[in-house]
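The following briefing concerns a single structure, to be read alongside its sequence and coordinates.

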Amino acid sequence: MSRIILENVTLDIPIYNSQGRSLKKTIMGITTGGKISSTENGNTVVRSLDDISLKIGPKERVGLVGHNGAGKSTLLRVMGRVYTPNAGSAIIEGTIGSLIDISLGIDSEATGIENIFLRGALLGIPREKLEKELENIIEFSELGEFVYMPVRTYSSGMHLRLAFAVSTMINPEILLMDKWLSVGDKNFQNKAEERLTSTVENSDILILASHSQWLNQKMLY
């Protein structure tokens, strides 16, 4: 049974080479959400999460809404086991699928084919499954012969289509999403939305972070 239980979670992120931080940068950090302080050794840290407690069970859909720097993405990364809290406890049970950064792991010097396997490996997708679905991934991405070219030759839209095609192969119990994904032209967006909706519906728990209340309602209800 999938579940997420956070109890009094606090996360401090160290900032290195920050001794020359100006007053303007300090004010910007405060106004965008992070609490800047120093340790006993004089190192600068930003408190990104402060005493967060919540429980999320099966079949629940949760939306995180807030401005830049509020800690939405950081909280998702705690739920995805990327960050370990400095204080408190985080219990996450169930397979996790992350659509926080769909381009993570893409190598611009490698070909589209090579990147399918690189990104797939990061997502924990077995190589056998990638090989079986390879033609479907290529067809969905609409890259044509460009799939055999280095990704550095791609437009930004082509890059995102490739990353999206691989990233949405996952079928996790817990799905973490950071904002609504917009990729490609109108026709591709319609196809992408259909696949993304299917991924969401098949997940047991959905956590969606966004600036927009409207987008959260669109995905969660």
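Thr-199 counts as buried, at 6% relative accessibility; buried means under 20% relative accessible area, exposed over 50%, and partly exposed in between, with a 1.4 Å probe and protein chains only. The model is predicted, so local features need pLDDT of at least 70 and side-chain atom pairs count only at pLDDT 80 or more, while totals for chains, interfaces and linings use all residues. Residues are numbered from 1 along each chain as its sequence is written, and side-chain values use heavy atoms, with hydrogens and water left out.

- Thr-199 is located in helix 6; helices (H or I, at least four residues) and strands (E, at least two) are DSSP runs, numbered from the N terminus.
- Beyond its neighbours within four places in sequence, Thr-199 contacts Thr-168, Ile-170 and Leu-175, where contact means heavy atoms within 4.5 Å.

**Helix 4**

- Helix 4 (residues 127-141) has a kink of about 60°, centred on Glu-133; the bend at a residue is the angle between axes fitted to the seven residues ending there and the seven starting there.
- The buried residues of helix 4 are Leu-130, Leu-134, Ile-137, Ile-138, Phe-140 and Ser-141.
- These buried residues pack against helix 3 (112-122), helix 5 (156-167) and helix 6 (186-202).
- After helix 4 comes Glu-142, which has a positive phi, near 60°.

**Aromatic pairs and charges over a ring**

- There are 4 aromatic pairs in the count; rings of Phe, Tyr and Trp (its six-membered ring) pair if their centres lie within 6.5 Å, and planes under 30 degrees apart count as stacked, over 60 as edge-to-face and the rest as tilted.
- One of them is the stacked pair of Phe-140 and Phe-164, at 6.1 Å centre to centre with 20° between the planes.
- Because Phe-140 lies in helix 4 and Phe-164 in helix 5, this pair ties together parts that are 24 residues apart in sequence.
- Phe-140 is buried at a relative accessible area of 9%, and Phe-164 is buried at 1% relative accessibility.
- Phe-164 also pairs with Phe-188: the ring centres are 6.4 Å apart and the planes stand at 75°, so this pair is edge-to-face.
- The pair of Phe-164 in helix 5 and Phe-188 in helix 6 links distant parts of the chain, 24 residues apart.
- Phe-188 is buried as well, at 1% relative accessibility.
- One aromatic cluster is formed by Phe-140, Phe-164 and Phe-188.
- The charged end of Arg-195 sits over the ring of Phe-140, 3.7 Å from its centre; a charge sits over a ring if NZ of Lys or CZ of Arg is within 6 Å of the ring centre and within 35 degrees of the ring normal.
- Lys-191 also lies over the face of Phe-140, 4.7 Å from the ring centre.

**Nonpolar cores**

- The largest nonpolar core holds 33 residues, and Leu-99, Ile-116, Leu-130, Ile-137, Leu-175 and Met-177 have the most contacts inside it; such a core is a set of buried Ala, Val, Leu, Ile, Met, Phe, Trp, Tyr and Cys residues joined through side-chain atoms within 4.5 Å.
- At least two residues of this core come from each of helix 3, helix 4, helix 5, strand 7 (174-178), helix 6 and strand 8 (205-210).
- Helix 5 contributes the most to this core, with 6 residues.
- Not counting residues up to four places away in sequence, Leu-130 touches Ile-116, Phe-117, Gly-120, Ala-121, Ile-125, Ile-137 and Met-169.
- A second, separate core has 18 residues, among them Ile-56, Leu-64, Leu-75 and Ile-100.

**Salt bridges**

- The whole structure contains 7 salt bridges, each a side-chain nitrogen of Lys or Arg within 4 Å of a carboxyl oxygen of Asp or Glu.
- In one of these, the closest N and O atoms of Arg-3 and Glu-93 are 2.9 Å apart.
- Arg-3 lies in strand 1 (residues 3-15) and Glu-93 in strand 5 (residues 87-93), so this pair ties together parts that are 90 residues apart in sequence.
- Arg-3 is partly exposed at 29% relative accessibility, as is Glu-93 at 30%.
- Glu-109 and Arg-152 form a salt bridge with their closest N and O atoms 3.1 Å apart.
- Glu-109 is exposed at 53% relative accessibility, and Arg-152 is exposed at 54%.
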